[in-house]
Amino acid sequence: MSKYLVVGAGLFGAVFAREAAKRGHEVTVIEKRDHVAGNIYTKEIDGIQVHQYGAHIFHTSNKDVWEYVQQFAEFNRYTNSPVANYKGKMYNLPFNMNTFTQMWGVRTPQEAMDKINEQRAEMAGKTPQNLEEQAISLIGRDIYEKLIKGYTEKQWGRKATELPAFIIKRVPVRLIYDNNYFNDDYQGIPKGGYTKLVENMLKHDKITVELDTDFFAKKDEYLQKFDRVVYTGPIDEFFDYKLGELEYRSLRFETEEKDVGNYQGNAVINYTDAETPYTRVIEHKHFEFGKGDPDKTIITREYPADWHKGDEPYYPVNNDRNNDLYAQYKEMADKEDAKVIFGGRLGQYKYYNMDQVIATALEAVNDEFGK
Ligand code: FDA
């Protein structure tokens, strides 16, 4: 039996730790934060599970992953149906018959398609040179200006005319009255919150969890002491930024308690105009069908932010520069550190949804222990 060190008590680390322990190995999980669950951490306030690092909705079409997580939590039937607020007017998302009716008063799929095609004609015969032109060529000016432009510019911190066209490859259009944001087979939120889900994964007599513990405080000692290390922190930090720093986009959250039972009537409202500085307002109790204090609610405003070293890295910026740099770090990882497995969104410098993180963690488990 081997001794494993798992660096990071997020989803990747927790799945790996659980599976290694299940196979009889001793696992120590170290986490530099004062809590487990990484970015899916939820904290209970006024009986409401507050998503501390951005709203998290579990959705997947991977049956194995869906069945896997059921061992650790019961999921509710939450279906993500965000609403857009553009200068006070509300539109359903994703773009579907409700949106088109609100936008143009059309009632049938044919009327909606005719309207979209009429609007797209503006770009007929032209090759889109930037994100703005690309979006207009795909969906037309009305939807672009009211529901895409401001939101995208806030997210990227740049004008849509300065962003490359390839960022938007397609704009999904649904010609039915269906506000379910995801097309996946399975969707929901773990009852009692994500933290409990991760705690249940880590609840095993062969797993020890040490919070407030930074791997880099004793890197050499850890590498010496353990047979194998699973590292889920930033890959460039592992190599002391030898080749340079990978870049991210960050977010700032502003959480507020309100003395009303129901503030906005939906879990997620997107603010799609350019003037409102935040992109989304989350009302956490609606993830759980109004649980918690009936006279109080918790909301979080989400502000996109530039990322500087030391800030929380949220979204990798997968441009050529960063992808090349990551490839070089990956090469170093493959060569230098046979003892270390790099995993998760930071270890692999990739945006992963939760189901993908679980799937990649289970793949790493198979690689390590065999099927
Ligand atoms: P994660 O970052 O969670 O865990 C890594 C852990 O390692 C952290 O806890 C960190 O503190 C720790 N660590 C790092 N360096 C360390 C060191 N030196 N020493 C010790 N510990 C260290 N997905 C989805 O399916 N549905 C959704 O709705 C959303 N929503 C969403 C919103 C926002 C704003 C973002 C940014 C992301 C999402 N996601 C999502 C994605 C989801 O957050 C993501 O898939 C998982 O959190 C990734 O889990 P990891 O374990 O890879 O990383």
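Guide: What follows is a close look at one helix, and then at a sheet with a helix lying across it. The model is a predicted one.

The helix is helix 2, which covers residues 63–70. Which of its residues are buried? They are Val 65, Trp 66, Tyr 68 and Val 69. These four lie on the same side of helix 2, because they cover an arc of only 160° around the axis. The face turned away from that buried side carries Lys 63, Asp 64 and Glu 67, which are exposed.

Five strands make up an open sheet, in the order 9-2-1-10-16, and their pairing is parallel. At the edges are strand 9 (207–210) and strand 16 (340–342), each of which pairs on one side only. On average, neighbouring strands in this sheet are turned by 20° against each other, with direction ignored. Strand 16 pairs with strand 10 (residues 228–231) in the parallel sense, over three bridges. Within this pair, Val 229 has Val 340 in strand 16 as its bridge partner.

The helix across this part is helix 1 (residues 11–22), which lies across strand 1 (3–7), strand 2 (26–30), strand 9 and strand 10. Against strand 2, helix 1 runs at about 165°.

Key: Residues numbered from 1 in each chain as written. Predicted model: local features only at pLDDT ≥ 70, side-chain atom pairs only at ≥ 80, totals over all residues. Buried ≥ 20, exposed ≤ 12 C-beta atoms within 10 Å, placed from the backbone. Helix = DSSP H or I, 4+ residues; strand = E, 2+ residues; numbered from the N terminus. Arc of directions from axis to C-beta. Pairing = 2+ DSSP bridges. Axes fitted to C-alpha atoms, helices over the stretch in contact; angles between N-to-C directions. Contact = placed C-beta atoms within 7 Å.
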